[in-house]
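Trainee: Hi! Could you walk me through this model, starting with the sheet?
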Amino acid sequence: MPTFSFSAQSGQPLYKQLYDYLKNEIKSGNLKSGERLSSKRMLAAHLKISLSTVETAYEQLRAEGYIRSVVKSGYFVCALDDVLELPPVQPAAPLREGTEDDVHAHYNYDFKTNTVDTAFFPFATWVRLTKQIMHDENRLLLEPAHPQGDYPLRESIARYLHAYRGVRCQPEQIIIGAGTEFLIGLIIQMLGRDRVYAVENPGYPKTFRIFQGAGARVRLVGLDGDGIRPDALLLSGADCVYITPSHHFPLGVIMPVNRRMQLLNWANAGENRFIIEDDYDSEFRFGGRPIPALQGLDMNDRVIYLSNFSKSIAPSIRISYMVLPPSLLAVYRRELLFYASSVSRFEQYTLCRFLSDGHFERHLNRMRGIYRARKDKLVLELKKEPLGSHVEIIGENTGLHLLLRVTNGMDEQTLVSRAKSAGVRVYGLSGYYLQAQPDMPESTVVLGYSNFDPAQLEEAVSLLNKVWFS
């Protein structure tokens, strides 16, 4: 049983100190693959800490793939070096267009995933900061911003990324742009259109179209329970891959550390390979701490990190950013620095104050509580009969949507059309597959819940109960 001394001077909570200690023991080989960890209760008694502290540390290690849990047996160390035996790649059906509901149809309730509840936007704080900026920085606001974005905002973003996402970067490596689409366009220009880019299938259809629309060669690569498949990636011939490892959209898969290391090994094994990591909604993880970014594991500058403020603040805040490895930063400055900043200095300065004065962190904490309550309410309503006996809820603790597998005998199309007849819009999972896969889940819909209040969730699910079991 490990003997570990906690430090009151570290400023870190006890579970984080225990988590760091055990993770380092696993990475160093002191805790070997397959080794059974002490039971939570025994370790808590041995270290004289609460059981919940040990549970939180173990759960974080499990979520990141350092350990695995076996029912009635305990926790065991996972292998970090072994290449997983993956099933052979199955041939896929021809590329098809995703289907969409009639955009003109009327819905009383829409479980869309691309929104947040703007009723809780901190208008008073934002207005006050804007007035301060107008008063203090009035002349600077009228001058052109640096092409990469104003340095104070990049400093604030770098501090936030280091503290909350484990990203290793300097402000000089950050590029600010008006939306992820704009930044992906810059990435393609830096890396070249002649490369082969792999994207996840299923995934966000718009991402595929952005790469395709920019004239890049794109390959669709399937997933398994740990995320994008390295064997399929290798067979695709791609030398760049776009992934969402902290919370795959729409499957909700959290990529464990073993798979992350396999992807980094893939990147390191080829000349000039890169991984584009889109960390689009990592702030809203409800089970344990946010999973550290893949970029923090990268020791060879092969990861381009992307994120935005659209999910965390509001969709109209069209401010995204990327962290470039030094080699690509040199390319950007040599070939693309002529692009003017695409984000207004007014917004950049206001957002910088919002971050540096602690308002962003407080806003996130508030929204986490609100969205967690809505998620819990949705799950509670979905478990009511008769629906509760015929559904499997998938990915409820990650991000602002979940998957619902329905086993009432209806296929996906029928589920969607029946919901539509009741004025409820749900989204079939198959619509996110740009290429059919032999193991596509059946009778599964995607439910985004961030824009519902509790009463609306209750009514919407009640309607689904009626039309799916009438």
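Trainee: Which residue in E6 is the bridge partner of Val199?
Mentor: Leu220 is the bridge partner of Val199. This is a predicted model, where local features need pLDDT of at least 70 and side-chain atom pairs count only at pLDDT 80 or more, while totals for chains, interfaces and linings use all residues. Residues are numbered from 1 along each chain as its sequence is written, and side-chain values use heavy atoms, with hydrogens and water left out.
Trainee: How many bridges join E5 to E6?
Mentor: 6 bridges join strand E5 (residues 196-201) to strand E6 (residues 217-224), and the two run parallel. Strands here are DSSP runs of E with at least two residues, helices are runs of H or I with at least four, and both are numbered from the N terminus. Two strands pair if DSSP finds at least two bridges between them.
Trainee: What order do the strands of the sheet have?
Mentor: The open sheet of 8 strands has the order E4-E11-E10-E9-E8-E5-E6-E7, with mixed pairing. Strand E4 (174-177) and strand E7 (227-228) are at the edges with a single partner strand each, so one side of each has no neighbour in the sheet.
Trainee: Which strands does helix H9 touch?
Mentor: Helix H9 (residues 257-269) packs on the sheet and touches E6, E7, strand E8 (240-243), strand E9 (274-278) and strand E10 (303-308). Contact means heavy atoms within 4.5 Å.
Trainee: New topic! At what angle do H5 and H11 pack?
Mentor: Helix H5 (residues 151-165) and helix H11 (residues 345-356) pack at about 35 degrees, with their axes 9 Å apart. Axes are lines fitted to C-alpha atoms, for helices over the stretch in contact, and angles run from 0 to 180 degrees between N-to-C directions.
Trainee: Which residues make the contact?
Mentor: H5 brings Pro152, Leu153, Ser156, Ile157 and Arg159, and H11 brings Gln348, Leu351, Cys352, Leu355 and Ser356.
Trainee: And what does Phe309 touch?
Mentor: Leaving out residues up to four places away in sequence, Phe309 touches Ile157, Ala314, Ile317, Ile319, Tyr321, Leu351, Leu355 and Phe360.
Trainee: Last one: where is the hairpin?
Mentor: E1 and E2 form a hairpin with 3 residues between them, and Lys72 in the turn has a positive phi of about 65 degrees. Strand E1 (residues 67-70) and strand E2 (residues 74-77) pair in the antiparallel sense over 4 bridges, and Arg68 stands opposite Phe76 in E2.
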